[in-house]
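Please read it alongside the coordinates.

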Amino acid sequence: MADYREAPLASRPKSLDPNEYFNLSSDFRRAEEDRAAIRANLKRQYQLQLNNPLRKELIEDPALTQWVYARTNPYPHFRPTYKTSLLGAVFGVVPLFVMYYIFKTDRDRKEEQIKAGTFKRPFSLSS
Amino acid sequence: MLKILIPTLLLIPTSWLAKAKWLWPTTLLHSFIITLFSLAWLKNTTETNWSTLNPYMATDPLSSPLLTLTCCLLPLMILASQNHLAQDPLVRQRIYITLLVTLQLSLIMAFAATELTMFYVMFETSLIPTLILITRWGNQMERLNAGTYFLFYTLASSLPLLITLLAFQNKTGTLSLLIIQLLGPIPISPYVNIIWWTTSLLAFLVKMPLYGVHLWLPKAHVEAPIAGSMILAAVLLKLGGYGMMRLMLILSPLAKELCYPFIILALWGVLMTSSICLGQTDLKSLIAYSSVSHMGLVAAAILIQTPWGLTGALILMIAHGLTSSALFCLANTNYERTHTRTMILTRGSQMILPLMATWWLITCLANLALPPLPNLMGELIIISALLGWSWWTIIFTGAGALITATYSLYMYLMTQRGPVPNHMISMNPSHSREHLLLTLHLLPLLLLVFKPTTIWGSAY
């Protein structure tokens, strides 16, 4: 653990900071080192492609592709839980009924006023 | 009418017989001439509103702006597709243009139809070329899914319309719009009344699209090639609006009670889809959801059946057609250079392509309904009409307008400002073809500021 060194393209992650790591288990530290090594490798691959003077095409970042795909296709992975059902009800179902109630009562009140002859039209507008 | 239809029909032999070097300029010039002739439709010559009348087709102030828009869009589509089809074999280029022209023909006949049967047949006919465009020339694998959604949503919702039209023909003996507008309320038994009303409008509500049944639209718009996106956003959605406006004539007394669920869905859809726009990663998807949002306003305005509502709906349809098509063209210029639609990867274009940034600015400002453009005029009239219907709608339309402004500016800032991504090593400069394309989109919009009566429709 004490001989973890920073690589040229990978800075020291916080969990491997020597001021912090004496209260972490060695398994955790090993896992963090492995992850830091993978990240450094990915960054090296990207930098190799980025700085290649003979490159003519775009670099494909697989992480970005996966992220964009995940953002655009949530439906096959939808799972009805309490949270999602609540969100769906609050934003999808309840507003429709609330709006129906509001509009219907407002319009019925206006209709009664028109039938009784008390509906005031202060502006002369076509509608 | 024939002086537009026959040249459009003959554009098909033109695209097959033109020499390879002259294919695109020839078809472009031909379609521009057709557009020039179609401007004559904008002059309304009679008081009964039906001009250029012949036994099957006519134009009136409701359909003539939409017809001119359709004819205007064909040269723009040809102009926009020129680049990405350049590497396709020649036969495929000819097939593409033939598809565009077939679509154009079916749309012209749909908007100009006086018989509702012809309108329905042309409504369905316009689905086939669009489907072929999406599934064959789309860029991602998801285009098959998109084509399926598009076809089956619109087809399944329009089959009940066929039955309704046939039943109507059976009951009243006619389906001609000229006669329907003079008939009184149709006597139908009480519960069948409701089914009748819903099935008549369902096809158009799905096409518009209404919020609950809008799922086909983001898929179809995103996966379609540029010409497909343009025609979808600019004209095919308006086919739904136009159909609704025509059919509401025969459905009127019942509309007062039955319109509530659909107006509510439309207004809530304005809010929901605008909010979805704010969280999109894909540029074309953002523009697609913004189309749903604007069309929600149009749907609500048509359903309340007041003169101002119909006027505002028509103005917003035309203005949105031009704006949305321009946005898709801009997104396509971006896509052709960076081959990605993700907004994060295509930032900072103002530094690289400053002139294109001008067009981005004007189009995004048009999208957020900047005065004095007709987008604002349409939205304002719709909001006022909805206010007259019930004061509480201002909550939804006002919040919708606010969020529309937010996501339009967000789109502008994300694509134009910000750091340029450092993996883009070469971007082609803007072609003058692209500048021409955007000028031709925005110039009609600016001209309409000075004479909005052309797109006011027959309610005024």
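**Note on the two-chain model**

1. Across the interface of chain A and chain B, the rule finds zero salt bridges. The model under review is a predicted one, and the comments below should be read accordingly.

2. The contact itself draws on 28 residues of chain A and 32 residues of chain B. About 2,700 Å² is buried between chain A and chain B, with carbon and sulfur atoms giving 67% of that area. On the chain A side, Phe103(A), Arg107(A) and Ser127(A) contribute 23% of what chain A buries against chain B, more than any other three residues. The size of an interface is often given as the accessible area lost when the parts come together.

3. Although salt bridges across the interface number zero, polar contacts are present: eight residue pairs across the interface of chain A and chain B meet that rule, both partners being at pLDDT 80 or more. At least two residues each of the side of chain A that touches chain B come from helix 1 (26-50), helix 2 (62-72) and helix 3 (82-116) of chain A. Helix 3 of chain A gives the most to this side, with 12 residues. By class, the residues on the side of chain A that touches chain B comprise 17 nonpolar, four polar and seven charged.

4. Where does the feature "transmembrane region" fall in chain A? UniProt, in an unreviewed entry, places this feature at residues 84-103 of chain A.

5. Over all chains, a search of the whole structure finds 10 salt bridges. One salt bridge in chain A joins Arg109(A) to Asp106(A), with the closest N and O atoms 2.7 Å apart. Both Arg109(A) and Asp106(A) belong to helix 3 of chain A and are three residues apart, about one turn of the helix.

6. For chain B, an unreviewed UniProt entry lists "domain: NADH:ubiquinone oxidoreductase chain 4 N-terminal" at residues 1-110. Residues 1-110 of chain B are 65% helix and 0% strand, and the end C-alpha atoms of the span lie 13 Å apart. The annotation "domain: NADH:quinone oxidoreductase/Mrp antiporter transmembrane", again from an unreviewed UniProt entry, covers residues 113-403 of chain B. Residues 113-403 of chain B are 79% helix and 0% strand, with end C-alpha atoms 37 Å apart.

7. Most residues other than glycine have a negative phi, and most peptide bonds are trans. The peptide bond from Met208(B) to Pro209(B) is cis, with omega near -10 degrees, and Pro209(B) sits in the loop between helix 9 (190-207) and helix 10 (216-223) of chain B. The bond from Pro371(B) to Pro372(B) is likewise cis, with omega near -5 degrees; Pro372(B) sits in the loop between helix 16 (354-367) and helix 17 (374-389) of chain B. Gln305(B), which is not a glycine, has a positive phi of about 60 degrees. The position of Gln305(B) is in the loop between helix 13 (283-304) and helix 14 (307-338) of chain B.

8. Which residues is Asn49(B) in contact with, leaving aside its neighbours within four places in sequence? They are Asn44(B), Thr59(B), Asp60(B), Pro61(B) and Ser458(B). Asn49(B) itself lies in the loop between helix 2 (23-38) and helix 3 (63-81) of chain B. Asn49(B) and Pro61(B) are separated by 12 residues in sequence, and their C-alpha atoms are 6.6 Å apart in space.

Note on methods: Residues numbered from 1 in each chain as written. Chains lettered and ligands numbered in written order. Predicted model: local features only at pLDDT ≥ 70, side-chain atom pairs only at ≥ 80, totals over all residues. Heavy atoms only, no water. Contact = heavy atoms within 4.5 Å. Buried area = accessible area lost by both parts, 1.4 Å probe. Salt bridge = Lys/Arg side-chain N within 4 Å of Asp/Glu carboxyl O. Polar contact = N/O pair within 3.5 Å; in protein donor to acceptor, adjacent residues only side chain to side chain. Helix = DSSP H or I, 4+ residues; strand = E, 2+ residues; numbered from the N terminus. Nonpolar A, V, L, I, M, F, W, Y, C, P; charged D, E, K, R; others polar. UniProt positions renumbered as here; feature names shortened; annotations may be inferred.
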